[in-house]
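Let's take a walk through this model together. Have the viewer open and follow along as we go.

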Amino acid sequence: MKVGTQITWTNADDIPHTVVSNDLSFKSKVLDTDEKFPLTASKPGTFPYFCSITQG
Amino acid sequence: MAWAGTGALCVLEGGVLKSYGLDDPAHIAKAGELSFVQISDNHMGFNKPANSDVTATLKAAVAKISAPPVPPEFILHTGDISHLSKPVEFDTVDQILQSAPTKDVFCVSGEHDVLEDDGKQYRERYGKNTKNHRCQD
């Protein structure tokens, strides 16, 4: 991501998920089905992420 | 998610603990030396195709629990009481379980019961009179 890149995650599953970066620089609230998490990058780089509920 | 809501009747007979489905009336009729019911994964609040009426599922389970002439000693709920840790979800389950004939309900948390608040609400509701233990290697 470059600084200013905008990304929106949408939970398309029927169970809740979160979006959490491995370095904990960003973390969504719990997203129920169809809920969204918009993010604007504040620093450049590659940010692996996971769901803190299902660990996926 | 493939399903929501499950239950089993656990009966101690001759020192051996056996479990049976709640739909097995022959075994539900016998109390043994000790019997209790394990229920799990109500996911109260869930309404998707895997189970569009989890409230009805829990009420059906309580009806089966209430059927034996000798009621089970207690209910053990092994988690995912709620779907999103919302107070109304816990309240609904608590109200339905109050109609069961068992003396006690004991709960173990699932990950859906401790969302957002690291389990603060769960401990306030179900952790009263319990102690925190940390396991160390």
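Which residues does B:Val37 touch, not counting residues up to four places away in sequence? They are B:Gly7, B:Leu9, B:Ile65, B:Pro72 and B:Ile75, where a contact means that two C-beta atoms, placed from the backbone, lie within 7 Å.

Before going on, a word on the ground rules. This is a predicted model, in which local features need pLDDT of at least 70 and side-chain atom pairs count only at pLDDT 80 or more, while totals for chains, interfaces and linings use all residues. Residues are numbered from 1 along each chain as its sequence is written, and chains are lettered from A and ligands numbered from 1 in the order in which they are written.

Back to B:Val37. This residue is found in strand 3 of chain B; strands here are DSSP runs of E, at least two residues long, and helices are runs of H or I, at least four residues long, all numbered from the N terminus. B:Val37 counts as buried because 26 other C-beta atoms lie within 10 Å. The cut-offs are 20 or more such neighbours within 10 Å for buried, 12 or fewer for exposed, and anything in between for partly exposed, with C-beta atoms placed from the backbone. One of its contacts, B:Pro72, sits 35 residues away along the chain, yet the two C-alpha atoms are separated by 6.5 Å.

Now zoom out to the largest nonpolar core, which has 21 residues. A core of this kind is a set of buried Ala, Val, Leu, Ile, Met, Phe, Trp, Tyr and Cys residues joined through C-beta atoms within 7 Å. B:Val37 is among those with the most contacts inside the core, along with B:Ala61, B:Val62, B:Ile75 and B:Val93. Strand 1 (6-13), strand 3 (34-40), helix 2 (54-65) and helix 3 (87-97) of chain B are the elements that give two or more residues to this core, and helix 2 gives the most, with 5. As a rule, nonpolar side chains in soluble globular proteins tend to be buried together.

Helix 3 of chain B is worth a look down its axis. Its buried residues are B:Glu89, B:Phe90, B:Val93 and B:Leu97.

Next, chain A. It has 0 helices and 4 strands, and 9% of its 56 residues count as buried. Its C-alpha trace spans about 30 × 20 × 15 Å along the principal axes. A:Gln6, for instance, has A:Thr40 as its bridge partner.

A:Trp9 also lies in strand 1 of chain A, and with 16 C-beta neighbours inside 10 Å it counts as partly exposed. Leaving aside neighbours within four places in sequence, A:Trp9 is in contact with A:Val19, A:Lys36 and A:Phe37.

Definitions and conventions. Pairing = 2+ DSSP bridges.
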